[in-house]
Amino acid sequence: MIKISLIGSTGSIGRQTISLVLSRPDKFKIVAMAAGSSFRLFEEQMGAVKPQYAALADSFAAKKIADVPAGTKFFGGEDAALAAASFESADIVLVAAGGFAGLKYSLEAIGAGKRLALANKETLVCGGDIVMPLIARRGGDIRPVDSEHSAIWQCLGFNLKAPFSRLIITASGGPFKNFSAEQLKGVTPAMALAHPTWSMGAKITIDSATMLNKGFEIIEAHHLFGADYNKISAVIHPQSIVHSMVEFADGAVLAQLSRPTMKLPIQLALEYPERIELEESRLSFGDALSLEFSPVSEGMFPCFDTALACARAGGTYPCALNAAGEEAVRAFLAEKIKFTDIARVIGGVTEHTVSEEVQSYAQLCETDARARAYAQKLILGCGR
Ligand code: MG
């Protein structure tokens with residue numbers, strides 16, 4: 001029985017994890033769970049999961065919880081939610097909380113010596129320079145839940161330190177890869193939220209449409225697999241069947257293929273080294289199957305180009321980039337700025353950032369707050 005602490009239970013990965021766990025009560029048990037403010041869904045989840053410990057980070061939302069199952073201890077507030085990430089009886093902590101806020105949960109889990117299943121991108125994008133050394137010092141165990149990094153992990157024989165010559169990260173290219181500059185200006189939130197191949201949360205779906213998400217994934221891969229940026233490339237693969245590839249010194253390329261479902265990387269991170277049945281990821285080779293690959297050229301996706309520049313410059317740049325991205329996407333979803341303004345806000349914030357070597361979580365919090373404040377200024381300017 002694998003005992004899980006699930007951080008971010010009400011998001012897309014959190015909901016899929018709960019459905020997986022409830023379908024395999026012989027294998028998995030969620031002992032602790034935490035979420036932000038979605039109290040109605042959280043109350044429902046507590047009833048179905050019956051964890052020993054549950055917490056909502058938003059203490060105002062926590063007050064609206066009426067029904068707590070017998071045997072569950074429920075609390076409200078940030079500290080209570082954070083405590084779920086180091087819950088004593090958990091074997092593994094799945095951090096699926098979204099955004100910069102997820103980083104502190106990963107640090108808490110690693111600090112408590114927990115095995116970490118990582119779905120939160122910002123943990124490595126913003127905190128990779130402190131997170132990976134901390135894991136190394138503590139002899140910790142980190143398992144990627146992002147589909148691309150899970151694919152690479154599988155191709156490397158589940159060894160994060162295995163040698164390779166190149167990591168090739170696939171990208172669907174999102175719904176607008178063939179749009180003209182003029183067409184992009186007219187993109188609405190509804191258009192951007194309709195992803196051609198994957199079903200994901202709103203923030204990551206918009207980040208997929210701008211390809212900022214792929215920039216983040218390159219930064220994650222750099223930290224996770226110790227890869228120089230010149231050894232990582234992205235390639236457009238519209239079918240989302242090949243989830244990423246690894247090229248070795250002799251030119252051999254290994255790829256991981258399956259139908260696009262996050263359940264595969266989720267269960268593999270929890271259950272590794274065992275592989276368990278999953279019908280919905282199975283490919284049918286009884287039908288014709290075409291796989292296409294094309295390069296990502298500079299200028300196609302301005303957010304991706306900015307992300308790569310931040311990645312290579314390092315320091316606190318990726319943290320500022322992420323903060324700008326979170327603010328810009330929120331403003332776009334609220335119809336305060338245009339789709340094309342997302343790149344303007346991100347570019348403006350990173351240009352304004354003075355990068356420092358990453359030394360502490362507190363320093364990252366400061367960088368994050370500064371970048372958000374400046375992004376807000378630029379967002380106001382876009383509306384005029
Ligand atoms: Mg991904």
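Ser 147, Ser 150, Gln 154, Trp 198, His 243, Gln 256, Ser 258, Arg 259, Pro 260, Thr 261, Leu 264 and Pro 265 line the largest cavity. A cavity here is a set of points, on a 1 Å grid over the protein atoms alone, where a 1.4 Å probe fits but cannot get out. Lining residues have an atom within 4 Å of a point.

The model is predicted: local features need pLDDT of at least 70, side-chain atom pairs count only at pLDDT 80 or more, and totals for chains, interfaces and linings use all residues. Residues are numbered from 1 along each chain as its sequence is written, and side-chain values use heavy atoms, with hydrogens and water left out.

**Cavities**

- The count is two cavities of 30 Å³ or more.
- The largest cavity holds about 50 Å³ of space. Volume is the space filled by probe spheres set on the grid points, which are joined across faces, edges and corners.
- Helix H8 (147-155) and helix H13 (263-271) each supply at least two residues of the lining of the largest cavity. H8 gives the most, with three residues. Helices (H or I, at least four residues) and strands (E, at least two) are DSSP runs, numbered from the N terminus.
- By class, the lining of the largest cavity has four nonpolar, seven polar and one charged residues. Ala, Val, Leu, Ile, Met, Phe, Trp, Tyr, Cys and Pro count as nonpolar; Asp, Glu, Lys and Arg count as charged; the others, Gly among them, count as polar.
- The second largest cavity holds about 40 Å³. Leu 118, Leu 124, Pro 144, Val 145, Asp 146, His 149, Glu 220 and Leu 224 line it.
- The lining of the second largest cavity divides into five nonpolar, one polar and two charged residues.

**Magnesium site**

- The protein donors of the magnesium ion are Asp 146 (OD), Glu 148 (OE) and Glu 217 (OE), at 2.1 to 2.2 Å from the ion. Donors are N, O and S atoms within 2.8 Å of the metal (3.2 Å for Na, K and Ca). Water is not among the atoms, so sites may look incomplete.
- The sequence spacing of the donor residues is D-x1-E-x68-E.
- Asp 146 and Glu 148 are both buried. Buried means under 20% relative accessible area, exposed over 50%, and partly exposed in between (1.4 Å probe, protein chains only).
- Asp 146 is also one of the residues lining the second largest cavity.

**Second largest pocket**

- The second largest pocket has a volume of about 350 Å³. A pocket is an open set of grid points with protein on both sides within 12 Å along at least five of seven lines.
- The lining of the second largest pocket has 16 residues; Met 132, Ile 142, Leu 160, Lys 161 and Leu 224 lie nearest the centre.
- Helix H7 (128-138), strand E7 (142-144) and helix H12 (212-224) are the elements that give two or more residues to this lining. H7 has the largest share, three residues.
- The lining of the second largest pocket divides into 10 nonpolar, three polar and three charged residues.

**Sheets**

- Two strands pair if DSSP finds at least two bridges between them.
- Strand E1 (residues 2-7) is mostly covered, with five of its six residues buried. Six bridges join E1 to strand E2 (residues 28-35) in parallel. Lys 3 stands opposite Lys 29 in E2.
- Strand E6 (residues 115-118) runs parallel to E7, joined by three bridges. Ala 117 stands opposite Arg 143 in E7.
- Another open sheet has five strands in the order E11-E10-E8-E9-E12, with mixed pairing. The edge strands of this sheet are E11 (253-257) and E12 (294-295).
- Strand E10 (residues 242-247) and E11 pair in the antiparallel sense over four bridges. Met 245 stands opposite Ala 255 in E11.

**Helices**

- Helix H5 (residues 102-111) is mostly covered: eight of its 10 residues are buried. Among them are Lys 104, Tyr 105 and Ser 106.
- Gly 113 follows H5 and has a positive phi, near 75°.
- Gln 16 lies in helix H1 (residues 12-23). Gln 16 is buried, with a relative accessible area of 18%.
- The C-alpha atoms of Gln 16 and Thr 261 are separated by 9.8 Å, though the two are 245 residues apart along the chain.
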